[in-house]
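User: Please go through the terms applied to this structure and show what each one rests on.

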There are 2 protein chains.
Amino acid sequence: MPNLARHGELSRRSILLSAATTVAAASLARSATAQVDPLVSWNDGPAKQAILDFVRTTTNQSDFSFVAPEDRIATFDQDGTLWVEHPAYTQAMFALERVHTLVQQHPEWKDQEPFKSVLAGDEAAIAKFSERDWAEIVFATHAGMSQAEFQGIVSQWLATAKHPRFKRPYTELVYQPMREAMDYLRANGFKTYIVTGGGQDFVRVYAQRVYGVPPEQVVGSSIATKYESKDGKPELMRLPKLFFDDDHSGKAIGIDLFIGKRPYAAFGNSTGDREMLEWTGAGDGTRLKMLVHHDDARREYAYGPAGGLPDTKVGTFDQSLMDEAKAKDWTVISMKNDWKRIFAFE
Amino acid sequence: MPNLARHGELSRRSILLSAATTVAAASLARSATAQVDPLVSWNDGPAKQAILDFVRTTTNQSDFSFVAPEDRIATFDQDGTLWVEHPAYTQAMFALERVHTLVQQHPEWKDQEPFKSVLAGDEAAIAKFSERDWAEIVFATHAGMSQAEFQGIVSQWLATAKHPRFKRPYTELVYQPMREAMDYLRANGFKTYIVTGGGQDFVRVYAQRVYGVPPEQVVGSSIATKYESKDGKPELMRLPKLFFDDDHSGKAIGIDLFIGKRPYAAFGNSTGDREMLEWTGAGDGTRLKMLVHHDDARREYAYGPAGGLPDTKVGTFDQSLMDEAKAKDWTVISMKNDWKRIFAFE
């Protein structure tokens, strides 16, 4: 419609034509957007190309890989895939800092492990905590209050807590390229879900603001809750009991439980995401399976097959995962080579 | 824009105006729709009015009850609220009929309760089954296969099974007024969820087709699944073990777990829905709480405070629920008085 550009002529036709110009402007805006790189923080290379190819084919009605809009599901691990997980998971940092706050109500913790080591700031001891030690710390800091109270506590903590290396709020330590991938998928009709081994109620506090993901699209680990009447008002009280472990095979189970559809795209970074990628890849048609490899010690961290950091509690990207990725044609994202920019603040 | 009707004149202006007519036609269609009664199967009365008032105020930006689109959540119980639950839950009918099919692989059932009574068609004995008897029947018929296999079995069964009284497929025994309420809420930006004490994976088989509700918006009871590799392909195998009981207080817990937002509207029909309505009502602003009362023995069934049927296993609407509804200003829907038509086929 080249004559649409002759705006002087158009403006004389008033109401009727204002509708037409709106339509035309929207169409011009769309074609302008199409020329803007939706993945501007990615370097050209196989990882970026894999995302572009996936979206192009799955949204093209005449392509054999076309996916109906209602089936466009993309799942993202959080820790190490969407944001920094070193030197410890953010939620573990929250739990450890809560011990320092709550000791006022629990003076006995000063002489009682594992709290004693936390309070003493004994990092060597903390690094050696068993699953059971962590469970004790998590239940002591994540249970015993209502859901609403817990989310208020998390929200307050996030507003002030800072990452030890980057000296910024944790919610700023989100990988800009991944945020662009999420936006790009959503702009093409994909529903983006976070599927995290971390706490569902923790992540739901900020997922909308930080990732554009609403609470109902956050699937994670959870503790049991109990329906109780408090002063005549119903409350959901958090119990010191694991309800669902959304990690490893739990991720495939959680996806089926919460979504009931097999994802067409899945993003992870550790062995905890293996089954999510396998489950995604076992579907027919074109499926995108991607793994973030932390190989950038300068801008972020290098661990896993890239080595460089001692064994820690965070997600492991071991050789067996790398081998499976190669055998099954999963795309490995090299932070160092594939990401032009890592954080929005850079 | 009355001149839009003069189509002869408009047609001369070609491309530019075709955009304008599209916009205008859409706008005319909208105003035509606004005049059509969205709840045509409801009689005028307090129940219909409650729905209309709720939608009007929660979607009016200048009303103090306005609800942001992302928070517009409406939850619906299924059995007895969206479709017929007498003389037994549809899923119980499925389980009983499966026993007859599966006895070929389990000849020992012929001499083993509770299967023996089922195979003998001993209705008096079936009516007296304990929770444990039912659990045995449910696990024997709902576990031991993959999720995909189970959904295939349900789908096949639904295609042929018929309701004993109405002689129609169960999926036709949906209450037309409730389907209109769901459509009307969705047309006004509400996300409609089914929150059922029944099996989540059972309901997900037909919820999209029958109610327009996608799998990720069906929350229900579930059994545990296990991630397994079968011939090199991952499968989720169904285990004979309850994972989540989405009934009574489980409905409030399930809503928080799956949705993470408090509903603004909730529809139920039995004591199993009590906590869902309480949880909904405990939120601030305007919340719609409705209970379907089965008081129409002629067109459907009369039970609960309306009496008329002996005590059965289906949802009970007892006097305590009626008292709570009155005390808390929940709206009771009288099937007999509030519904002009019950089924689409009438």
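**Terms and the values behind them**

Analyst: In chain A, seven strands make up an open sheet with mixed pairing, ordered β4-β3-β2-β1-β5-β6-β7. Strands here are DSSP runs of E with at least two residues, helices are runs of H or I with at least four, and both are numbered from the N terminus. The model is predicted, so local features need pLDDT of at least 70 and side-chain atom pairs count only at pLDDT 80 or more, while totals for chains, interfaces and linings use all residues. Residues are numbered from 1 along each chain as its sequence is written, chains are lettered from A and ligands numbered from 1 in the order in which they are written, and side-chain values use heavy atoms, leaving out hydrogens and water.

User: Why do β4 and β7 of chain A stand at the edges?

Analyst: Each of β4(A) and β7(A) (331–334) has a single partner strand, so one side of each lacks a neighbour in the sheet. Neighbouring strands are turned by 30 degrees against each other on average, direction ignored.

User: What makes β3 and β4 of chain A a pair?

Analyst: Two strands pair if DSSP finds at least two bridges between them. β3(A) (residues 218–230) and β4(A) (residues 233–244) have eight bridges, in the antiparallel sense, and therefore meet the definition. One bridge partner of A:E228 can be named: A:E235 in β4(A). The two strands form a hairpin with two residues between them, and A:D231 in the turn has a positive phi of about 50 degrees.

User: How many bridges join β2(A) to β3(A)?

Analyst: Three bridges join β2(A) (residues 191–199) to β3(A), and these strands run parallel. A:I194 is opposite A:V218 in β3(A).

User: What is the order of the strands in chain B?

Analyst: Chain B also has an open sheet of seven strands with mixed pairing, in the order β4-β3-β2-β1-β5-β6-β7. β4(B) (233–244) and β7(B) (331–334) are the edge strands, because each has a single partner and one side of each is left without a neighbour in the sheet. The twist averages 30 degrees from one strand to the next. β3(B) (residues 218–230) pairs with β4(B) over eight bridges in the antiparallel sense, with B:E228 opposite B:E235.

User: Which strands pair with β1(B), and over how many bridges?

Analyst: β1(B) pairs in the parallel sense with β2(B) (residues 191–199) over four bridges, and three bridges join β1(B) to β5(B) (residues 265–268), also parallel. B:F76 stands opposite B:I194 in β2(B), and B:T75 opposite B:A266 in β5(B).

User: Which way do the residues of β1(B) point?

Analyst: B:I73 and B:T75 point one way from β1(B) (residues 73–76), B:A74 and B:F76 the other way, and all are buried. In a regular strand, side chains alternate between the two faces of the sheet.

User: Why is α13 of chain B described as largely enclosed?

Analyst: Seven of the eight residues of α13(B) (residues 274–281) are buried, so the rest of the structure largely encloses this helix. The buried ones are B:R274, B:E275, B:M276, B:L277, B:E278, B:W279 and B:T280.

User: At what angle do α12(B) and α13(B) pack, and what is that angle called?

Analyst: α12(B) and α13(B) pack at about 50 degrees, with axes 6 Å apart. That makes α12(B) oblique to α13(B), because angles under 35 degrees count as roughly parallel, over 145 as roughly antiparallel, 65 to 115 as roughly perpendicular and the rest as oblique. Axes are lines fitted to C-alpha atoms, for helices over the stretch in contact, and angles run from 0 to 180 degrees between N-to-C directions.

User: Which residues make the contact?

Analyst: B:S249, B:K251, B:A252 and B:I255 of α12(B) meet B:E275, B:M276 and B:W279 of α13(B).

Definitions and conventions
Buried means under 20% relative accessible area, exposed over 50%, partly exposed in between (1.4 Å probe, protein chains only). Contact means heavy atoms within 4.5 Å.
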